[in-house]
There are 2 protein chains.
Amino acid sequence: MEEKWRNRFGEWYSDIIEKAEILDVRYPVKGIHVWLPYGFKIRRYVLAIIRNELEKRGHEETLFPLLIPDYELAKEGKHIKGFEDEVYWVTHGGINPLEVKLALRPTSETAIYPMFALWIRSHADFPVKIYQIVNTFRYETKHTRPLIRLREITTFSEAHTCHGSYEEAEAQVKEGVDSYSSIFKALGIPFILSRRPEWDKFPGADYTLAFDTLFPDGRTLQIGTVHQLGQNFAETFEITFENLEGEQEYAYQTCYGMSDRVIAALLSLHGDDSGLSLIPEVAPIQVVIIPVWKKGHIDEVNREIGGIDKELVGYRVHIDNRDKRPGRKYYDWEIKGVPLRLEVGIRDIENQVVTFVRRDTGEKFPVKREELRDKVEEVLEDIRKNLSERAQKYLESRIFKVYSIENVKEVVYNKKGIAKTLWCGRKDCGVDIEERADVDILGILEEEAEGSCIGCGEKAEKQVIMGRSY
Amino acid sequence: MEEKWRNRFGEWYSDIIEKAEILDVRYPVKGIHVWLPYGFKIRRYVLAIIRNELEKRGHEETLFPLLIPDYELAKEGKHIKGFEDEVYWVTHGGINPLEVKLALRPTSETAIYPMFALWIRSHADFPVKIYQIVNTFRYETKHTRPLIRLREITTFSEAHTCHGSYEEAEAQVKEGVDSYSSIFKALGIPFILSRRPEWDKFPGADYTLAFDTLFPDGRTLQIGTVHQLGQNFAETFEITFENLEGEQEYAYQTCYGMSDRVIAALLSLHGDDSGLSLIPEVAPIQVVIIPVWKKGHIDEVNREIGGIDKELVGYRVHIDNRDKRPGRKYYDWEIKGVPLRLEVGIRDIENQVVTFVRRDTGEKFPVKREELRDKVEEVLEDIRKNLSERAQKYLESRIFKVYSIENVKEVVYNKKGIAKTLWCGRKDCGVDIEERADVDILGILEEEAEGSCIGCGEKAEKQVIMGRSY
């Protein structure tokens, strides 16, 4: 039963985006959508978690411009190569051609780093740790998908830091990883952290660490990346500082980002056949109360519900007073993933109970009226835990250790999972493995490798994960 | 003394934007700036007030796309005429020309209304009340100025509503005015509300109500507008509904907006020679504590300050522990407009007091240690009140009733004020008055007119305000 939605995940996903009123995808430009009020609220609560986590660790929020002059974007050769096919260009103001073409930011290094060059003078200025949450743009020619592959990425959270040594930048990479891990944990999104192979790192970075999760259809989704930039961008943008020895030195930088995909994962990993199942912290409505009206007792039921609503102050509670049958209301709020439903009828009142229904398990049980508030707290916390654990277990159950290209294919294409396997570490062999398996090397794990490379049979240097990514 | 900053307002304003770390204006595109962390926090608190006010009245937050297809933008003839010289056009994706040119939204009617046409079916769908806070773009060829005249308007708050009758839309216009009035009141920004003359209304609107405030240099700034759209856009975008009689009818619409200018006004109206003077509700730091260290008593002072900080939980408190002289610290926080400064030295501790210094008045006075928290609350509230009243009085003192074109000129150019005068109501005469006075008719007041038009001498139909606007 539970598996049905997974087997028709693509359809389920489109359905849910529409029926749970997350986005309206009918906007007349491909890959560009409208956030509806219910979806926008989820986004808002997710952003609150992201902001809180970054600010706790000393990142300050800023806002840099959308428009980047062409000469700035082009400065870092490798970087621009990674983006040039996908950049939207503003070429005219009114009917007049612009003297300098302006790019819509595909990401903001080239908007931010010229300013860093002005801000940073000496080692005393470090660390610089800023972030922003903005829209970014990619001219996607491939098939687009809501929240996953977009032309307007509406919710790009990007942090940028500068330091006085490579070691400090390394420590910052770790902090970035910790921050993102905490955010994913709060959202109940399980992940695998790995180091992207050289040929798949962020253009201009020394190396890229990436967070991938597994979608119900067996494809992996990159939900966050952390980049060690070394001095690469600092050299290009002349971000220098006077070091302790009184000499000018290039700054050491990191950056990390996550996007709308975090919300795609949040929605997709906790679903089921009836719709969404939201983590309480980001649910626009945490508790929905459904009156079970019976002739002659309507006022009594409404009064009781008024009392319950008051008692639950601090929670996001909605009373569904629509003139519809309870069953229809259950159905609507299940699609929207409201974590906890309370049903209140005359029999509940007589028995001095409230009927609880958990969205995650479907369990239905009476709770003593006097224990209401405590139980709501307890159940919501238990839902959070259960959804997180369930998603974690699902991911773990889909990671398979394999030792041949045939088995990689088997795992990825038939079992809809992720293959954990062995690689010698040489680029040409890695690319060859990818081609033969028709599966990408997502990244290199920290764990040590023992055995032979599945490509060339030489001694394996690395454990890697392989999968089909979105 | 207080007048000095007003007399050199242009310079003061640029200074403050830089020294209080609101924006970095050195970004390499004209009229496009970077929000720095301190400025960004002010912006965040202002937005919290705006969101709170709109949501209290049932507006739901959404997010519509930045990019608008050229054919949508061009649909409403009058509307596009008002914007076409100022629209930025995206013409290329990578190196490929786009089939459909995309405009960067100058405002979002043409992005939102095609979706309204899909959402609205019947009278039961009303009212629709949404808002969004987004960046918008204008290709300004005139002189730009931070937060006032921009190419990237970073903070455009726009609400859009649909209704089943003109009367309901009229009621909504009133609610829009009330919402905005509350927001300005919370920010201590005094305003004059008037109806823009026909030739200066929002392109496509039936009529436009506008909020203007007066800047220290004698120029008026439009800080908010509310538009009755009637059925104009609904006809263009085919937003129809089935009315109570079962007939298809065009929807009735309103929209209203405010921008970065609200923040410009907030900063400018409460300043003085020493810098900003922030309304406590939007101050990133509400209370700054300065230790007055004396050899042999440093630990004692720090301990006392630790206790004070704990006691002030819930306020935004900053302890300035920098290794600098107190005088230098006072100076820094005055520029940044921190409403309340507490000075704590060994003598204060011995006397069981804390020294309070108000940013708005400069008053310095001891407060009994045990009354600290109550006094902080009281003083912050009094600062809010005082700043609001001071700004209100200043505006009132600069509005002059006059009855000739000569006197309009005198008021606006010499007294740096706003002229309140009489007009017959005819467009040709109005335009003629504007030309002869070299001053704009800002808008028409609700108050009745008695006397003769200053242009033609005929019976005056309207009281109007005239001024030099930004």
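Colleague: How many residues of domain 1 of chain A are in contact with domain 3 of chain A?

Modeller: First, the conventions. This is a predicted model, in which local features need pLDDT of at least 70 and side-chain atom pairs count only at pLDDT 80 or more, while totals for chains, interfaces and linings use all residues. Residues are numbered from 1 along each chain as its sequence is written, and chains are lettered from A and ligands numbered from 1 in the order in which they are written. Two residues are in contact if their C-beta atoms, placed from the backbone, lie within 7 Å. Here 16 residues of domain 1 of chain A are in contact with 14 residues of domain 3 of chain A.

Colleague: Which elements supply the domain 1 side?

Modeller: Strands (E, at least two residues) and helices (H or I, at least four) are DSSP runs, numbered from the N terminus. β9 (192-195), β10 (207-214) and β11 (219-230) of chain A each give two or more residues to the side of domain 1 that touches domain 3. β11(A) gives the most, with 4 residues. By class, that side of domain 1 of chain A has 6 nonpolar, 4 polar and 6 charged residues. In this count Ala, Val, Leu, Ile, Met, Phe, Trp, Tyr, Cys and Pro are nonpolar, Asp, Glu, Lys and Arg are charged, and the others, Gly among them, are polar.

Colleague: Where do the domain bounds lie in chain A?

Modeller: Domain bounds come from an automatic or database domain assignment. For chain A it gives domain 1 (4-269), domain 2 (287-379) and domain 3 (399-469). Taken over C-alpha atoms, the centres of domain 1 and domain 3 of chain A are separated by 27 Å.

Colleague: How many residues of chain B are in contact with chain A?

Modeller: 41 residues of chain B are in contact with 41 residues of chain A. Among the elements that each supply at least two residues of the chain B side are α3 (37-56), β5 (88-93) and β8 (152-163) of chain B. β5(B) gives the most, with 6 residues. The chain B side has 25 nonpolar, 7 polar and 9 charged residues.

Colleague: What is the strand order of the open sheet of 6 strands?

Modeller: Two strands pair if DSSP finds at least two bridges between them. The order is β4(A)-β6(A)-β5(A)-β5(B)-β6(B)-β4(B), with antiparallel pairing. β4 (67-69) of chain A and β4 of chain B are the edge strands, each pairing on one side only. Between the chains, 5 bridges join β5 (residues 88-93) of chain A to β5(B), and the two run antiparallel. Val90(A) stands opposite Val90(B), and the bridge partner of His92(A) is Trp89(B).
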